[in-house]
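Keep the sequence at hand as you go.

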Amino acid sequence: MLVKTIIIFSIIIWVYGLSVLKRAKTSAFYFLFGSIGLFIILILLSKPYGVWIFSTVMTWGVGLIGKITGLFSAMYTSHIIQVVTNHQTSILLVDYECSGIIETTAFWSMIAFFPVYSNKKRVILGLIGMLWIFLANVVRLSIVAIIIYYFGNGFFYVAHAIIGRLIFYILAIILYYVVFTKGQLINKISVI
């Protein structure tokens with residue numbers, strides 16, 4: 001009950017703050033306040049069902065790669081990726097941080113208040129961004145599982161914290177460049 005009250009109170013303050021910033025015509029602060037507020041609200045609302053859905057879909061996506069390669073398996077409802085190699089079983093749990101929900105809500109929050117696009121383009125870009133982040137995360141977790149399969153559990157940290165994150169963030173930077181930087185440049189050129 002307390003959490004729901006906090007969420008409702010936060011939404012009221014956020015909407016009021018947005019209206020003040022809109023009337024003051026402070027675009028940068030409107031974008032920042034709107035994006036940060038929407039991100040916090042979406043994250044608060046995503047627990048527990050949104051996290052469960054994202055984790056289930058992510059495990060399913062990685063499980064498809066595991067079936068194709070035959071190197072690992074996935075248990076969708078348990079959010080587990082199992083890698084069996086050299087008489088050793090490694091269990092990877094797709095939890096809150098690995099589900100992609102944080103990255104997706106951050107992208108949605110930014111695109112919702114980015115002033116360059118129309119509402120229709122924002123919705124389309126939001127869906128494309130969600131799919132891109134999903135695929136990038138599937139690639140990341142699949143590479144982690146493949147590295148563990150070939151090099152053993154001792155390489156988990158290197159695979160997950162360094163190689164996997166590096167691949168994911170490179171793909172995320174490409175998305176952000178195309179949507180935010182290149183998109184703004186293209187819109188500026190078309191106006192001229």
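**Rings, charges and a helix**

Begin with a charge over a ring: Arg 140 lies over the face of Phe 168, 5.9 Å from the ring centre. This is a predicted model. Phe 168 counts as buried, because its relative accessibility is 4% and the cut-off is under 20%.

Now turn to the rings themselves. A pair of aromatic rings is described by the distance of the centres and the angle of the planes. The structure holds eleven aromatic pairs. One of them joins Phe 107 and Tyr 176. Their centres are 5.7 Å apart and their planes meet at 70 degrees, so the pair is edge-to-face. It links distant parts of the chain. Phe 107 sits in helix H4 and Tyr 176 in helix H6 (residues 156-191), 69 residues apart. Phe 107 is buried, with a relative accessible area of 1%. Tyr 176 is partly exposed, at 25%.

Phe 168 also has a ring partner, Tyr 169. That pair is edge-to-face, with 5.4 Å between centres and 70 degrees between planes. Tyr 169 counts as partly exposed, at 43% relative accessibility.

Ring pairs also build a cluster: Phe 31, Phe 107, Phe 114, Tyr 117, Tyr 176 and Phe 180.

Helix H2 covers residues 27-46 and reaches 28 Å from its first C-alpha to its last.

Definitions and conventions: Residues numbered from 1 in each chain as written. Predicted model: local features only at pLDDT ≥ 70, side-chain atom pairs only at ≥ 80, totals over all residues. Heavy atoms only, no water. Helix = DSSP H or I, 4+ residues; strand = E, 2+ residues; numbered from the N terminus. Expected span 1.5 Å × (residues − 1). Phe/Tyr/Trp six-rings, centres within 6.5 Å; stacked < 30°, edge-to-face > 60°. Buried < 20%, exposed > 50% of the residue type's maximum accessible area, 1.4 Å probe, protein only. Lys NZ or Arg CZ within 6 Å of the ring centre and 35° of its normal.
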